[in-house]
Amino acid sequence: MTPSVSPSARVLMPQAPAVVAGLRAAAWVSPDGEVETLALPEAARRIEDGLAPLVCHAPETARRLGTARFEALDLLELFAFVRPARFCLPTPRGLAEALDLPLPSTLEQAAATLLAATRALLAELTGADSRAAPVAWAMANGGWPWGGAVLAALGAGEIPHSRGLANGLRVWLRLKEWTERPLEPPTGDWPVEPVEARARLVRLLGEAAEERPQQAEYASQVAAAFQPRDVAGEPHFVIAEAGTGVGKTLGYLAPASVWAEKNGSGVWISTFTRNLQRQLDAELDRVYPDPDRKAEKVVIRKGRENYFCLLNMDEAVARLPAQGAPGAVPLGLMARWALASRDGDMVGGDFPAWLAGLVGRNLTLDLTDTRGECIYSACPHYRKCFVERSIRRARRAEIVVANHALVMIQAALGGGEEAAMPVRYVFDEGHHLFDAADAAFSAHLSGYETAELRRWLLGAEARGRSRSRGLKARVEDLLTDGADKAAEALDALLHAARALPGPGWRERIAGGNPVGPAEAFLARVRQQVLARDPDSRSPYGLEAHPRPPIPGLIEAARALDAALSALRGPTVALIAALARQLDDDADTLETVSRSRIEAVCRSLERRGVMALNGWRDMLKALEGETPADFVDWLAIDREGGREIDVGMHRHWIDPMRPFAVAVAEPAHGLLVTSASLRDGSGDVAADWAAADLRVGIRHVAAREHRAAIESPFDYAAQTRVLIVTDVERNSAEQVAAAYRELFLAAGGGGLGLFTAISRLREVHRRIGPALDAAGLGLLAQHVDAMDTGTLIDIFRAEENSCLLGTDAVRDGVDVPGRSLRLIVFDRMPWPRPTLLHRARKEAFGGADYDGMVARLRLKQAYGRLIRRATDRGVFVLLDRAMPSRFASAFPAGVALQRIGLADAIALTRTFLGS
């Protein structure tokens with residue numbers, strides 16, 4: 001039930017209570033300010049009676065109350081409407097900070113903050129631009145609980161007739177078109193000398209900045225990546241390890257910006273995490289202090305699947321019925337965001353990640369081109385497309401910030417959508433390069449991948465599918481009157497695609513009722529994995545060797561290979577026919593049509609021919625041998641005990657081989673940098689060899705340059721490393737007690753890292769109430785109804801909160817100050833003993849490879865602890881079995897103390913001054 005609205009001088013405040021749920025109780029504040037503290041079941045009962053309260057993040061509130069989703073006036077929805085594309089943490093404290101309100105310190109104050117935030121946001125709407133009211137009308141018509149209060153604040157009056165209501169959602173009508181520009185001239189080859197790099201660094205830091213000799217030395221060393229190449233295929237390859245605190249970001253931006261200016265071309269800076277992209281964006285303000293110049297010279301470049309698609313939005317709006325369309329609410333919030341967004345980036349840009357959790361993925365994140373259905377210049381919104389705008393801006397930019405996956409995929413495709421391949425790269429977070437290459441250059445003959453190819457070719461087949469354009473819809477209008485061979489190839493291709501898994505394939509395979517050769521093969525794969533994996537009842541993923549095959553697997557593989565061959569033939573024929581059309585109609589073909597045909601051919605080559613070739617090679621290997629450079633295996637992927645995919649997988653044993661060919665050799669210069677490239681074994685030569693292995697330099701005839709710049713921090717004084725010897729790591733009760741007491745001893749600011757999700761959830765369940773009673777917030781990946789990035793943002797902002805997470809949290813955390821002062825690892829981070837890991841272990845040194853992986857994980861986790869010279873922190877490992885040789889994973893001078901839990905708690909409390 002939507003609450004009534006009471007009038008006031010300027011703002012119509014909803015007559016609704018404000019509710020904030022903790023882990024043990026809820027605060028309830030009535031509209032007239034009466035404060036109550038309720039048991040969680042009582043708060044849930046009041047809401048279930050039909051009263052829609054003011055809340056902050058309704059899904060998380062419902063989870064804490066232990067109730068189903070309920071109608072609510074969510075302050076985050078109101079914030080997203082009033083201040084689109086503006087940052088706000090999805091907590092009462094985050095709202096208070098964003099709106100310059102007093103910061104709450106108790107549950108009751110947090111609830112009162114929701115009332116104050118409501119007044120502030122509605123008051124702000126009284127001066128909103130004229131574009132807000134049409135959007136609000138559409139959302140109110142869709143049943144938005146905030147509709148009445150927002151329309152009143154806007155002075156918009158009654159909701160008009162439903163006809164034309166959707167006009168407010170048609171954002172493409174109010175976006176500017178991009179303009180095509182001539183191609184840029186060839187790149188220059190002028191070098192960057194070390195003295196130029198240091199001079200630029202001084203300018204970026206400012207004359208009054210304190211002297212940082214390590215940073216100046218780093219900038220000088222990495223300038224070697226910006227020298228002219230003398231021999232094709234022999235780039236200048238710099239590996240530079242820079243300890244935390246050196247200031248490597250500005251250290252490499254200095255020579256990179258000099259090179260870009262001198263040579264009239266761009267440097268691509270690649271990262272692994274979104275957090276570093278944000279940091280880079282902020283640091284680039286120093287390079288380009290003028291916002292307009294920065295907008296011209298800097299581009300954040302991502303794959304198409306990251307950007308808001310105007311055609312998807314158009315079709316979603318067109319599907320709205322005239323009356324009572326709930327979809328108008330998320331679409332209205334998306335319309336407000338799209339008009340305010342810097343670049344339409346929905347993954348790590350200015351899109352609030354928490355919004356999808358509030359109103360659903362379907363009409364938020366799924367409006368990106370995640371399914372590869374772009375029709376390029378045939379799209380009516382092509383000239384306003386965020387992706388196309390980004391591509392064109394990147395061609396003229398001096399600094400392009402991208403991610404490892406995009407760089408590798410573009411390179412593998414010979415440049416992809418870029419006009420020319422970049423010749424200078426900086427790979428920051430270089431310790432992730434191996435894993436990024438592993439993902440980019442692998443092949444998966446699985447149910448999900450083959451079904452996706454069928455969907456991409458045939459379009460929507462299942463009832464209720466929101467949208468999915470098949471290949472015929474995307475290319476039919478491109479075929480000219482004489483293109484009979486192209487039309488025949490298209491028909492044959494679409495017919496052959498029906499051999500791939502169709503809608504409902506998971507249920508049919510699991511039920512033993514496969515349809516078609518692809519499903520029949522996958523059913524045999526599933527049978528073999530269940531028969532061979534020694535722990536087939538595990539809720540986690542299962543795997544098995546492909547050989548020896550069970551009866552029927554080879555026959556199913558042959559049948560599938562024949563079906564894939566029948567699909568590949570017309571795919572190749574269609575590409576050839578379209579290429580001939582480009583030649584035959586060269587004098588009459590419009591530029592737009594030419595661009596579309598070229599894009600279709602690239603997509604067919606990448607998504608069709610390349611994938612089919614790889615799958616057929618894998619199938620043939622079942623009857624022979626896997627090529628020496630690869631490892632094949634069969635697997636069932638599970639999530640929460642539920643099967644989500646089944647298939648055959650192929651990875652390079654050393655994925656840096658294809659990286660070297662696709663990325664490194666064509667480049668003129670590249671820098672790979674990180675705080676943890678060497679594994680810290682204590683053997684200098686072995687440590688550099690480990691770095692070489694993980695960055696691929698040994699596969700390139702490069703002009704090599706290595707540098708190691710030590711951190712300026714005094715780790716021995718600023719940190720303590722404790723190995724707890726009396727906690728039984730397999731006892732959930734003991735492990736949870738250790739986490740609880742250590743977090744309490746630190747007074748918050750604790751990061752708990754786990755090697756298994758099940759242990760994380762169990763510890764969260766056990767320690768939450770005690771931390772809540774002490775006034776410490778507890779956040780948890782795989783528990784809280786928020787994405788990982790949002791959880792880290794909250795953890796960073798709330799000094800006394802604690803966070804539990806797995807590898808993704810360890811890699812994404814960059815939290816300076818007291819917000820991170822304690823890291824607790826549940827056990828030694830040994831690599832998972834998968835078939836892929838076994839192959840790499842055999843290839844890369846046996847037990848030494850295990851040691852390298854574990855040391856690097858310890859080093860990376862410990863490296864999160866100290867980000868500033870004033871930070872202090874404690875690193876705790878709850879695993880008495882840690883071998884002494886792993887002490888070298890920590891900086892020189894840092895002594896490991898093997899002590900009992902009680903002593904560890906006391907030392908933590910004393911050292912951190914809690």
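How many nonpolar, polar and charged residues are in the lining of the largest cavity? There are twelve nonpolar, two polar and five charged ones. Before the views, a word on the model: it is predicted, with local features needing pLDDT of at least 70 and side-chain atom pairs counting only at pLDDT 80 or more, while totals for chains, interfaces and linings use all residues. Residues are numbered from 1 along each chain as its sequence is written, and side-chain values use heavy atoms, with hydrogens and water left out.

**View 1. Here is the largest cavity, with a volume of about 200 Å³.** A cavity is a set of points on a 1 Å grid over the protein atoms alone where a 1.4 Å probe fits but cannot get out, and lining residues have an atom within 4 Å of a point. Points are joined across faces, edges and corners, and the volume is the space filled by probe spheres set on them. By this rule there are four cavities of 30 Å³ or more. Of the 19 residues that line the largest cavity, Cys309, Leu311, Cys374, Cys379 and Cys385 lie nearest its centre. Helix α13 (residues 310-318) gives the largest share of that lining, three residues. In the class count, Ala, Val, Leu, Ile, Met, Phe, Trp, Tyr, Cys and Pro are nonpolar, Asp, Glu, Lys and Arg are charged, and the others, Gly among them, are polar.

**View 2. This open sheet has four strands in the order β13-β16-β15-β14, paired antiparallel.** At its edges are β13 and β14 (542-544), each pairing on one side only. Neighbouring strands are turned by 25° against each other on average, direction ignored. Helices (H or I, at least four residues) and strands (E, at least two) are DSSP runs numbered from the N terminus, and two strands pair if DSSP finds at least two bridges between them. Four bridges link β13 (residues 443-446) to β16 (residues 642-652), where Ser446 has Gly647 as its partner. Between β14 and β15 there are three bridges.

**View 3. Zoom in on the hairpin of β15 and β16, with two residues between the strands.** Gly640 takes a positive phi near 60° here.

**View 4. Now for the seven-stranded open sheet, in the order β21-β22-β20-β23-β24-β19-β25 with parallel pairing.** β21 (778-780) and β25 (896-899) each have a single partner strand, so one side of each is left without a neighbour in the sheet. On average, neighbouring strands are turned by 20° against each other, direction ignored. β20 (residues 750-753) and β22 (residues 802-805) pair over three bridges, with Gly752 opposite Leu804. Helix α30 lies across β21 and β22, running at about 165° to β21. Contact means heavy atoms within 4.5 Å; axes are lines fitted to C-alpha atoms, for helices over the stretch in contact, and angles run from 0 to 180 degrees between N-to-C directions.

**View 5. Finally, Asp772 and Arg24 form a salt bridge, their closest N and O atoms 3.1 Å apart.** The pair links distant parts of the chain, 748 residues apart: Asp772 is in helix α30 (residues 757-773), and Arg24 is in the loop between β3 (18-21) and β4 (25-29). With a salt bridge taken as a side-chain nitrogen of Lys or Arg within 4 Å of a carboxyl oxygen of Asp or Glu, the count comes to 54.

Note on methods:
1 Å grid on protein atoms, 1.4 Å probe; cavity = no way out; pocket = protein on both sides within 12 Å on 5 of 7 lines; lining within 4 Å.
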